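Colleague: Before we discuss this model, could you put it up so that we can go through it together?

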Amino acid sequence: MTFNDLHQQPCPLLLANVWDASSAQAAEQAGYAALGTSSAAIAAQFGYADGEAMPFAHLLFMVERIRAVSDLPLSVDLEAGYGCSAEEIAHNIQQLIALGVVGINLEDSQVVNGIRSLVDPLLFARQLQTLVSLLPAGFFFNIRTDTFLLGVDDALQETLRRGELYADHGANGLFVPGVKEDTDIITIAGQVALPLNVMALPGLADIAALSSWGVRRISTGNFLHQAIQARLKTLLSGIQRKQVFEEIFCDENQ
């Protein structure tokens with residue numbers, strides 16, 4: 001079954017967003033069918049902020065280590081592409097393909113001076129079309145639109161407009177992080193001719209409901225990494241405060 005096929009099933013593809021070799025191994029052992037990277041989590045591993053503050057070489061290194069321990073289909077969060085032109089972005093993607101990557105997330109927003117904002121949708125769509133023409137057939141372009149994430153006016157209508165435009169220019173999937181209202185999800189899944197990818201959020205419907213509404217991919221985003229980091233801080237603080245070590249070992253037999 002190809003990575004594209006995993007987006008055509010009645011039950012959504014539940015994607016584990018990983019950040020290093022050990023998290024990839026944990027996801028594979030837990031039975032996930034495919035992996036995605038989290039740009040924020042990988043950046044944090046190297047001490048960088050999200051938003052392409054990290055050198056592309058660091059991302060490439062981590063992808064290589066993930067691929068070294070797992071043969072699961074891997075999609076990479078490439079943010080805005082790590083390049084100023086379609087040719088530069090295509091070169092980056094070709095390096096990922098050489099490592100066995102089967103798809104990417106590419107987002108229609110950019111971070112400039114710490115501020116994220118949407119880019120012009122038509123320019124983005126034309127760039128996407130060029131990328132598709134430069135890369136092998138079958139490579140999966142999951143296009144992320146940040147309309148809901150950034151809380152733009154008329155987010156639903158802007159999402160539909162951008163989604164339809166991206167579908168016409170070669171996108172294989174539409175990722176809408178931040179959307180969680182039932183009616184919004186149902187409308188997007190019903191009106192945009194692309195597999196819809198949503199992100200796990202507090203208050204999001206369960207997988208059975210999302211499946212019935214037409215969602216075809218669910219991402220965990222950076223939230224797994226955040227939860228583990230919070231647990232790590234709790235353990236470290238507990239040792240320092242209590243001057244004992246029991247909390248480290250309380251789960252070792254579970």
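Modeller: Setting aside neighbours within four places in sequence, Ser38 is in contact (heavy atoms within 4.5 Å) with Asn17, Val18, Gly221 and Asn222. This is a predicted model, in which local features need pLDDT of at least 70, side-chain atom pairs count only at pLDDT 80 or more, and totals for chains, interfaces and linings use all residues. Residues are numbered from 1 along each chain as its sequence is written, and side-chain values use heavy atoms, with hydrogens and water left out.

Colleague: Is Ser38 buried or exposed?

Modeller: Ser38 lies in the loop between S2 and H2, where helices (H or I, at least four residues) and strands (E, at least two) are DSSP runs numbered from the N terminus. Buried means under 20% relative accessible area, exposed over 50%, and partly exposed in between, with a 1.4 Å probe and protein chains only. Because its relative accessible area is 6%, Ser38 is buried.

Colleague: Which backbone nitrogen does the side chain of Ser38 reach?

Modeller: Ser38 sits in the loop that leads from S2 to H2. From there its side chain reaches, at 3.1 Å, the backbone nitrogen of Ala41.

Colleague: Which element gives the largest share of the lining of the largest pocket?

Modeller: A pocket here is an open set of points on a 1 Å grid over the protein atoms alone, where a 1.4 Å probe fits, with protein on both sides within 12 Å along at least five of seven lines, and lining residues have an atom within 4 Å of a point. The largest pocket holds about 310 Å³ of space, a volume being the space filled by probe spheres set on the points, which are joined across faces, edges and corners. Among its 24 lining residues, the closest to the centre are Asp77, Arg144, Met199, Gly221 and Asn222. The largest share of that lining, 3 residues, comes from S3.

Colleague: Where is Asp154 found, given its positive phi?

Modeller: Most residues other than glycine have a negative phi. Asp154, however, has a positive phi near 50°, and it is exposed because its relative accessible area is 61%. Asp154 is found in the loop between strand S7 (140–144) and helix H6 (155–168).

Colleague: What is the phi of Gln243?

Modeller: Gln243 lies in the loop between H9 and helix H10 (246–249), and it counts as exposed because its relative accessibility is 58%. Although Gln243 is not a glycine, its phi is positive, at about 60°.

Terms used. Polar contact = N/O pair within 3.5 Å; in protein donor to acceptor, adjacent residues only side chain to side chain.
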